[in-house]
Amino acid sequence: MAINDHISNMLTRIRNAQMAGKKSLEIPSSKMLVSIAAILQEEGYIEGFKYIEDGKQGILRIQLKYSPVYGYAITGLRRVSKPGRRVYVGKDDIPQVKRGYGICILSTSKGVVTGEKAKEMGVGGELLCEIW
C-alpha cells in the first residue's frame, strides 16, 4: 500500500505505539523522517533511533523514551501542514507550542529544524508538526 504522507504516518505510529505500551517501533524510512527523528532525540523526546538498510528504502527503528513515574516523554503530537493544505510561516510568525513546553518542527531552506533554531537563523518555512 502506498503512503502519501510519511510524516503523518510516523506521528500516527508513534501515537499508536505509546497507546499500546510499546518501547520501540519501526517505520519505513526517508531522509525527512531521519532528520525529524534526530530532532526528537536531540530535544529529549525519544531515547534514540537507528537506520536499518534493507535493500529497498530502509527502516527507521525508534526507541521511545519512557519512565515508570512520568510515562512517555511525548504527550501529544499534531501534524500541521498536510498534503492538501500546506502551512508556511515567516521568521516572525513561528508559533510557540504549549507556551514553550513543546516544539514545532519546520522544513526550511537550511534544512529541517526546530522553531527556536529557525528563529535564531532568521528563516521561516513549512510548519511540519508540533510535539509536546
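**Questions and answers**

User: What relative accessibility does P28 have, and why does P28 count as partly exposed?

Analyst: Buried means under 20% relative accessible area and exposed means over 50%, with partly exposed in between (1.4 Å probe, protein chains only). P28 falls in the middle class, because its relative accessibility is 24%.

User: Where should I look for P28, and what kind of model is this?

Analyst: This is a predicted model, where local features need pLDDT of at least 70, side-chain atom pairs count only at pLDDT 80 or more, and totals for chains, interfaces and linings use all residues. Residues are numbered from 1 along each chain as its sequence is written, and side-chain values use heavy atoms, leaving out hydrogens and water. Helices (H or I, at least four residues) and strands (E, at least two) are DSSP runs, numbered from the N terminus. With that in hand, you will find P28 in strand β1.

User: Which residues does P28 touch, not counting those up to four places away in sequence?

Analyst: A contact here means heavy atoms within 4.5 Å. Leaving out residues up to four places away in sequence, P28 touches I3, N9, R13, L33, Q57 and G58.

User: How many helices and strands are there, and in which order do the elements run?

Analyst: The protein has three helices and ten strands. Starting at the N terminus, the order is α-β-α-β-β-β-β-β-β-β-β-α-β.

User: What is the radius of gyration of the protein?

Analyst: This value is taken over C-alpha atoms, and the globule rule is 2.2 Å times the number of residues to the power 0.38. For 132 residues the rule gives 14 Å, and the protein comes close to that, so it is as compact as a globular protein of that length. The radius of gyration is 15 Å.

User: Which residues touch the most other members of the largest nonpolar core?

Analyst: A nonpolar core is a set of buried Ala, Val, Leu, Ile, Met, Phe, Trp, Tyr and Cys residues joined through side-chain atoms within 4.5 Å. The largest one holds 25 residues, and those touching the most other members are M10, I14, L40, I62, L64, I105 and I131.

User: Is E130 buried or exposed?

Analyst: E130 has its place in strand β10. Among the residues it touches are G76, L77 and R78, not counting those up to four places away in sequence. Its relative accessibility is 11%, so E130 counts as buried.

User: How far apart are the C-alpha atoms of D93 and G124?

Analyst: D93 sits in the loop between β7 (88-89) and β8, and D93 counts as exposed at 54% relative accessibility. Along the chain, D93 and G124 are 31 residues apart. Their C-alpha atoms are separated by 8.0 Å.

User: And how far apart are the C-alpha atoms of G122 and E47?

Analyst: G122 is in the loop between α3 (115-121) and β10, and at 35% relative accessibility G122 counts as partly exposed. G122 and E47 are 75 residues apart along the chain. The separation of their C-alpha atoms is 29 Å.
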